[in-house]
Amino acid sequence: MFNILAYPPTEEQVKIMGWVGLYGENWLIVLRVVATLLLAFSLFLLAKTIAARTSRIVALVTVCLLIISPTLWVVALAYPLTALMLFCLSLVLNLNYRFFYIGVIVLPILNVLLIGNHPTVLSKIGFEEIQEKVNNHFYAEDSLREKIETPLWFRRLSGNKIFFDYKEIVTETLPFFDLESLFFGEINPTEQKSIVMFYWTEIFLLVLGLYYLTKQKNKEINHFLLISGLIVWLGFVFSSGPTNLRLIGAMWPISLILATGLVNISKYIAIPLSLLIVYGILINASNLSRRSEYWFDNRPLVYQFWFENIDKLDLSKYKTIRVSGRVGNGKGYCFYYLGEKCKKYNFIFESFEVPKDEIEKNTLLAGFVGEFAGSREDNRFPNNWVDKVQETGIKILAKSSVRDSVAFRFGEDIGLAEIE
Amino acid sequence: MNKKIIWPILVVLVILAGFFVRVVGLDKSPPSLGFDEAALGYNAYSLMETGKDECGNKLPLTLRSFNDYKPALYAYLIIPFYKIFGVSDQAVRLPSAVAGTVSLIFSFLLLKIFIKNKYLLLGIFILIAFQPWRLHFSRNALETNLSASFFLIATWLLILAKTRFRVLLSVLFLGLSAYSYHSARLAGPALLLLWALDPLSWIKKKKISLKFSRLLYLTLLVVICLPILIANNSQLVLTRFRQENVFNKFYPYAPKELLDINGSMAYFLIGRLVGNVSAYISPINLNNRIFHWVRGSPQYIPGMSMLGWIEGIMVLFGVVYLIKRFENSKPTRIIIYWLVAGIAPAASTWTWFHPFRSLNIFPALEILSGLGIVVSINYIDSKIKTRLLKYGWKFVFSMVLGVSLVFNVNNELRYSPYLNYGEYQPGGFKEGMPYFAGLIKDYHHVIIDSPHAQNYIFFLFYGQIKPELVQSYAYLRPKPGIEGNLNFNFNKYEFRKVDWPVDSKLTNTLFWTRPDITDEEILRVDGAKIEMKVSNILYETAKIITTK
């Protein structure tokens, strides 16, 4: 069975190791410990902030609800920069109100600079691409043989660059209001897997929490919710990547709402509901450990397979070693798994496609089935692809497969091959 | 002019504008009838001419149609429009357009209960009048839109239920709603039950108080709906539910790796049911996300979901409004009951978010959105001290929403036909079938080949084939319970794929074929003639060929 702690480093972890120039399994453990500490500190700060505005019990329950969230475990395991962001968020929220506004500006900037997220929303702001969209829109309407005629000024009122830009930006920010990603990770209908943020059993607490918050009329807490909501919304807008990581900041204010619900309801409801949540934790823990390949990002597994197999070979006999760059930063992983060998031998970290590219002899190739056999639009490859590829003079040295098509059009099988 | 007069005039103008946008060019956008619309249209024609549906059932309550047993009320309502305008796409869609406009009037009356500021009331009403779902569903012949309109009127009457007469009227409209669409058969009684029990009022009273006399209304509704339930095809109506329900579709609910854990099946099943319910207040579903089962059907609104982008988010604030007020306000509680009752039938099916099945709740969601906007405006206003800023931000906000409404109208009238024409079976039946029907009498054999689903119904509708003839062959139709392709051959008509090298040998035959049979292939055959190349709104889609 796949051991969660043995999960290979993510690209983010490899990138940090690259910054400090220290690679290896021990440093991976250090990174995980640091991320855990950062999360612990951020939860401590959050508890302090909430306790100052409501009660200690609400603060404690808020933190407990966050601790039981699998997303936070995964952050500790794999995303140290996200842990740092969460620490900054807690720090900003813990400061005086007037510093809240610093968070509104600083955190999104940090998100862009530190995590290197290139927010898709920024790419929407330019007018050039939008102009093309407006033109296409008009062209599509005009291409109909029979159509309803409306005055041009009326069409132009909404069919212009400014409105289309607004539309693009707004629709880019809407996934922030996504109850499915927040509460239904286990049963997500969008076929987009993401680690569970809150168990679905907790959604009842959301309604109850809102009920009690409206009854209590605690201005301090309402203000806290509003400001933290605004900060995390901006953080979301200026980010990209998996939805659960983009939404992670929203867990802070939402946990407070849930905690308010749990603390205030009658014990006759609170106890069974808590038991249900505990059951959810057990189910999800089993789910994560038994189906970790489904839940986790499979890209690190791809690099693990390639480099662990490359390490077993005598690399001196190859003129070039080409590692596919189709799923991320191959160079960082190379240093992590092979250390100095990466400098010693001629590694190229670029995607390739054997049938199309001219690849010289004496090359070791690490790639996806589509890179050996040619890409396919439907992402489907025959079961005997190894035989077919070998017929073309490529020798497959090792093969494996990953689920969920991390490189669409290039298949789910990965391999190591040599051209003699 | 007197201020008292201006307001009603403005409201009437909005309603008239709403009506205009719903009826203008009904034959051009959507570009042609979908197969369900054509089925309603042909059954209405059949009922008008013979008093029987296409299968020969006399004055039915449900139409067998594609063995999906559509509620028949919509088809009956088409008949007056046929009498006035003749058999046409517009006439088929007009009942929905009218229902959509009437629903608008009652939405205004409902809003009036909650929003006291006249400016805000008018603003929110304008916003509601041009929501994407309202335009789209009112411009399609959809029983669910009719049902939602009746449901809205019934709820409005319940909110104002101070007299027994109003409640009785409400029960009557719930009955009409149930006769219009399947989901109201569960939602109507559920709403009445919740209204009768008023369980949310128990929270404030801290005791359970039951008014049993109110349950009599529920009994009355059940009695009104009884003819549907005891009709001999009620079991077949249930067949549809058996196919679509959440319990069958996802069995065994939990991933196979977890099935050995006690209770895991129940955990995942209940989770899915809870998710199915919450999906209807998840803003992203309301304003942006389009699920694949929505995209592949006439409920698809290109580029957006049911509500506008901002309006969808505002539903969340509306929910907070409800939570804040429900203890002290009965109208607020009824809105909650409306939502619960309307979501229940949809939530019991396998689809996570399905507008068709939950359309009854969308007027309520709009009201929530409107209330959310009011709450937000009041909150922001209370924080702004400068007068200029106060008016300035509201002006900008109104402009943004206003232009969004213009976008909704343009999107529905002009852009939608381009993007979702595929959902309306673009086989060119509308364009070519009248000509084709004119040729039929001269040929012994008619073969229709089209890849579009249930193409026989387009032939019947656009060809205006005599209902008596179709009814007389009802015994040949695929038996009840069978789904999928329900084409059936009758008289001299055959619905099948044309194999031109073989079929070209048939003499005195009229063909409706795919356009991929080339002109050369056709003209090579002695006596074969291309009568017409049929194009839909975008491309050539069929050929009409005759052989001597």
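Biologist: Which residue is the bridge partner of G367(A) in β5(A)?
Modeller: Residues are numbered from 1 along each chain as its sequence is written, while chains are lettered from A and ligands numbered from 1 in the order in which they are written. This is a predicted model, in which local features need pLDDT of at least 70 and side-chain atom pairs count only at pLDDT 80 or more, whereas totals for chains, interfaces and linings use all residues. Strand β3 (residues 363–368) of chain A pairs with strand β5 (residues 413–419) of chain A in the antiparallel sense over six bridges, where pairing requires DSSP to find at least two bridges, and strands (E, at least two residues) and helices (H or I, at least four) are DSSP runs numbered from the N terminus. Within that pair, the partner of G367(A) in β5(A) is G415(A).

Biologist: By how many degrees are neighbouring strands of this sheet turned against each other on average?
Modeller: The sheet is open and has five strands of chain A in the order β2-β1-β3-β5-β4, with mixed pairing. Its edge strands, each pairing on one side only, are β2 (347–349) and β4 (394–401) of chain A. With direction ignored, neighbouring strands are turned on average by 15 degrees.

Biologist: At about how many degrees to β5(A) does helix α18 of chain A run?
Modeller: Helix α18 (residues 299–311) of chain A lies across β1 (320–323), β3, β4 and β5 of chain A. Axes are lines fitted to C-alpha atoms, for helices over the stretch in contact, and angles run from 0 to 180 degrees between N-to-C directions; contact between two residues needs C-beta atoms, placed from the backbone, within 7 Å. On that basis, the helix runs to β5(A) at about 30 degrees.

Biologist: Which helix supplies the largest share of the side of chain A that touches chain B?
Modeller: The contact takes 39 residues from chain A and 42 residues from chain B. Several helices of chain A each supply at least two residues of its side, among them α8 (127–142), α10 (161–173) and α16 (267–290). The largest share, five residues, comes from α16(A).

Biologist: Which residue in β7(B) stands opposite T509(B)?
Modeller: Strand β3 (residues 445–448) of chain B runs parallel to β5(B) and is joined to it by four bridges, with F511(B) as the partner of I447(B). Five bridges join β5(B) to β7(B), and these two run antiparallel. In β7(B), T509(B) stands opposite T547(B).

Biologist: What distance separates the C-alpha atoms of I545(B) and I530(B)?
Modeller: I545(B) is found in strand β7 (residues 540–547) of chain B, and it counts as buried because it has 24 C-beta neighbours inside 10 Å. Leaving aside neighbours within four places in sequence, its contacts include F511(B), T513(B) and I530(B). Although I545(B) and I530(B) are 15 residues apart along the chain, their C-alpha atoms are separated by 4.6 Å.

Technical notes:
A residue is buried if 20 or more other C-beta atoms lie within 10 Å of its own, exposed if 12 or fewer, and partly exposed in between; C-beta atoms are placed from the backbone.
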